[in-house]
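Open the model in your viewer and keep the sequence panel beside it. This tour tells you what to select at each stop and what to look for there.

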Amino acid sequence: MRIELKLYAASKFLSESGILKVELPKNSTIGDLRNTLSKIISEKNLKNIKSLPETSAFFGESNEVIYDNYKLKDKEIISIIPPIGGG
């Protein structure tokens, strides 16, 4: 299945277009997406966003937070929001 990942802030290093199309096996979860993103970041040697998959929040099409056990659907649009520094 294929999902579209809308990129915000530091996650935009993954694609100049602001959207990353990701192929995943059927019945994949947000946890699986995190693992796939880690592999993509490693393959692209993007050391500056290495922790992005573990620290970011994911949101569904209705702007609700979705957690690691959420089952993704084919052609679903998901947003990834990295943490913003400060304190």
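**The whole chain**

Start with a cartoon view of this predicted model. Two helices and five strands make up the protein. The spans are about 35 × 30 × 25 Å.

Now colour by burial. Of the 87 residues, 39% are buried. Switch to a surface view. The protein exposes about 5,500 Å², and carbon and sulfur atoms supply 51% of that area. Then mark the charges. There are 13 positive and 11 negative ones, and their mean positions lie 2 Å apart.

Which share of the contacts with a separation of 6 or more comes from residues 24 or more positions apart? The share is 54%.

**The sheet**

Select all the strands. The five form an open sheet in the order β2-β1-β5-β3-β4. The pairing is mixed. Strands of a sheet pair through backbone hydrogen bonds, either parallel or antiparallel. Which strands are at the edges? They are β2 (19–23) and β4 (65–66), and each pairs on one side only.

Walk across the sheet, pair by pair:

- Select β1 (residues 2–7) with β2. Five bridges join these strands, which run antiparallel.
- Move to β1 with β5. This pair is parallel, over four bridges. K6 has a partner here too: S79 in β5.
- Go on to β3 (residues 57–59) with β5 (residues 77–81). Three bridges join them, and the strands run antiparallel. Look for F59, whose bridge partner in β5 is S79.

Centre the view on S79 for a moment. This residue of β5 is bridge partner to K6 and to F59.

Show the side chains of β1. I3, L5 and L7 make up the covered face. R2, E4 and K6 make up the uncovered one.

**A stop at I30**

Select helix α1 (residues 30–43), where I30 has its place. Is I30 buried or exposed? I30 is buried, with a relative accessible area of 0%, and the cut-off for buried is under 20%. Show what surrounds I30. Beyond its neighbours within four places in sequence, I30 is in contact with F58, I66, Y67, D68, Y70, L72 and I78. Next, draw a distance from I30 to E16. The two are 14 residues apart along the chain, and their C-alpha atoms are separated by 22 Å.

**Into the loop between β1 and β2**

Select S11, found in the loop between β1 and β2. S11 is buried, and its relative accessible area is 0%. What does S11 touch beyond its neighbours within four places in sequence? Its contacts are L52, I80 and P82.

Stay in this loop and select A9. A9 counts as partly exposed, at 46% relative accessibility. Check its backbone as well. Most residues other than glycine have a negative phi. A9 has a positive phi of about 50 degrees although it is not a glycine.

**Last stop: N45**

Select N45, in the loop between α1 and α2 (52–55). Here is another backbone angle to check. The phi of N45 is near 55 degrees, a positive value in a residue other than glycine. Is N45 buried or exposed? N45 is exposed, with a relative accessible area of 52%; the cut-off for exposed is over 50%.

Note on methods:
Residues numbered from 1 in each chain as written. Predicted model: local features only at pLDDT ≥ 70, side-chain atom pairs only at ≥ 80, totals over all residues. Heavy atoms only, no water. Buried < 20%, exposed > 50% of the residue type's maximum accessible area, 1.4 Å probe, protein only. Contact = heavy atoms within 4.5 Å. Areas by Shrake-Rupley, 256 points an atom, 1.4 Å probe, with all protein chains shown as cover. Lys, Arg positive; Asp, Glu negative; His and termini not counted. Charge placed at Lys NZ, Arg CZ, Asp CG, Glu CD. Pairing = 2+ DSSP bridges.
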